[in-house]
Amino acid sequence: MRYDLAAAFLTAALALAAEPATAQGVRRSGPSSSTGPETSPANAPDCPTAADLEKGIRLTSDVGEVETIRLDDDGSFVVRFEDTEGSGVVMRLAHGLYLTRSWFLDDGQVSFWPSLIVNFPVSDAEMPDPVPGEGWDVDVRLGGSDFADVAESQSYRFGEPGRISYGACSYDYIPVTAVYTGSQEPFQDVYYYLTEFGVSYLAESGSVGVEPDLFTNHIKIEAVE
């Protein structure tokens with residue numbers, strides 16, 4: 001989970017699914033066997049492309065969780081993660097990776113109180129896109145409707161590209177390892193940044209230096225009609 005007051009927010013908001021919480025939601029799926037580099041045939045005509053982001057793309061996990069991703073007018077992404085009971089989280093991501101706002105879902109409805117705000121010291125335009133072998137270290141301030149100003153260090157490392165499949169649709173991705181350090185023990189998330197779409201989702205999560213305890217196994221991708 002995230003740290004300090006952010007941890008309190010996300011634990012309360014995402015305990016709705018009765019599982020641990022992370023910066024990008026809760027995941028109850030097992031590890032995916034389709035991750036990693038592989039050779040895949042050309043995608044079918046109905047596989048989503050970046051042109052579908054205006055209305056959105058939808059990823060569905062093997063336990064029925066749904067992640068809907070839409071490109072907003074300001075160039076950020078709005079990500080809605082929802083489990084089968086309507087609990088989850090809505091996030092705003094800068095550059096398709098960096099969490100800047102978060103609200104939770106209750107019975108499918110967005111609750112705007114409390115909210116989490118992550119204040120970066122640079123503009124969205126100055127945030128780096130993932131480049132294999134590179135990284136970014138940044139100090140942020142956490143706040144929101146129900147939180148005081150709290151410092152957090154974030155460290156992002158961009159791994160080597162691979163290819164991942166969701167059913168008949170395959171895409172290139174870059175694994176991104178993010179370590180969050182506040183007043184508690186550092187915590188680590190691994191995101192898969194889909195280069196076709198310029199956006200990421202949470203793939204693994206856990207304490208630093210141990211096996212992750214949460215995985216995402218998306219098995220289907222489609223365009224929102």
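This is a predicted model: local features need pLDDT of at least 70, side-chain atom pairs count only at pLDDT 80 or more; totals for chains, interfaces and linings use all residues.
The model contains one disulfide. The bond is formed by cysteine 47 and cysteine 169, with the sulfur atoms 2.0 Å apart. Cysteine 47 is located in the loop between helix H1 (4–14) and strand S1 (57–61), whereas cysteine 169 belongs to strand S10 (residues 169–181), so the link ties together parts that are 122 residues apart in sequence.

In soluble globular proteins, nonpolar side chains tend to be buried together. When neighbours within four places in sequence are set aside, isoleucine 221 contacts Pro48, Ile57, Arg58, Leu59, Tyr166, Cys169, Tyr171 and Phe197.

A polar contact of 2.5 Å joins the side chain of tyrosine 156 to that of glutamine 154. Glutamine 154 lies in strand S8 (residues 147–158) and is buried, with a relative accessible area of 3%.

Nine salt bridges are present in the structure. Arginine 92 pairs with aspartate 74, the closest N and O atoms being 3.7 Å apart. Because arginine 92 lies in strand S4 and aspartate 74 in the loop between strand S2 (66–71) and strand S3 (77–82), this pair ties together parts that are 18 residues apart in sequence. Arginine 92 is partly exposed, at 22%, while aspartate 74 is exposed, at 55%. A salt bridge also links arginine 163 and aspartate 172, with a closest N and O separation of 2.9 Å; arginine 163 is buried at 19%, whereas aspartate 172 is partly exposed at 39%. Glutamate 222 and lysine 220 form a further salt bridge, at 3.9 Å from N to O. Salt bridges with shared partners join Arg70, Asp72, Asp74 and Arg92 into one network.

Most residues other than glycine have a negative phi. Histidine 95, which is not a glycine, has a positive phi of about 55°. Histidine 95 is found in the loop between strand S4 (88–94) and strand S5 (98–106), and is partly exposed, with a relative accessible area of 21%.

Conventions. Residues are numbered from 1 along each chain as its sequence is written. Side-chain values use heavy atoms; hydrogens and water are left out. A disulfide is a pair of cysteine sulfur atoms within 2.5 Å. Helices (H or I, at least four residues) and strands (E, at least two) are DSSP runs, numbered from the N terminus. Buried means under 20% relative accessible area, exposed over 50%, partly exposed in between (1.4 Å probe, protein chains only). Contact means heavy atoms within 4.5 Å. A polar contact is a pair of N or O atoms within 3.5 Å; within protein, one must be able to donate a hydrogen and the other to accept it, and residues adjacent in sequence count only if both atoms are side-chain atoms. A salt bridge is a side-chain nitrogen of Lys or Arg within 4 Å of a carboxyl oxygen of Asp or Glu.
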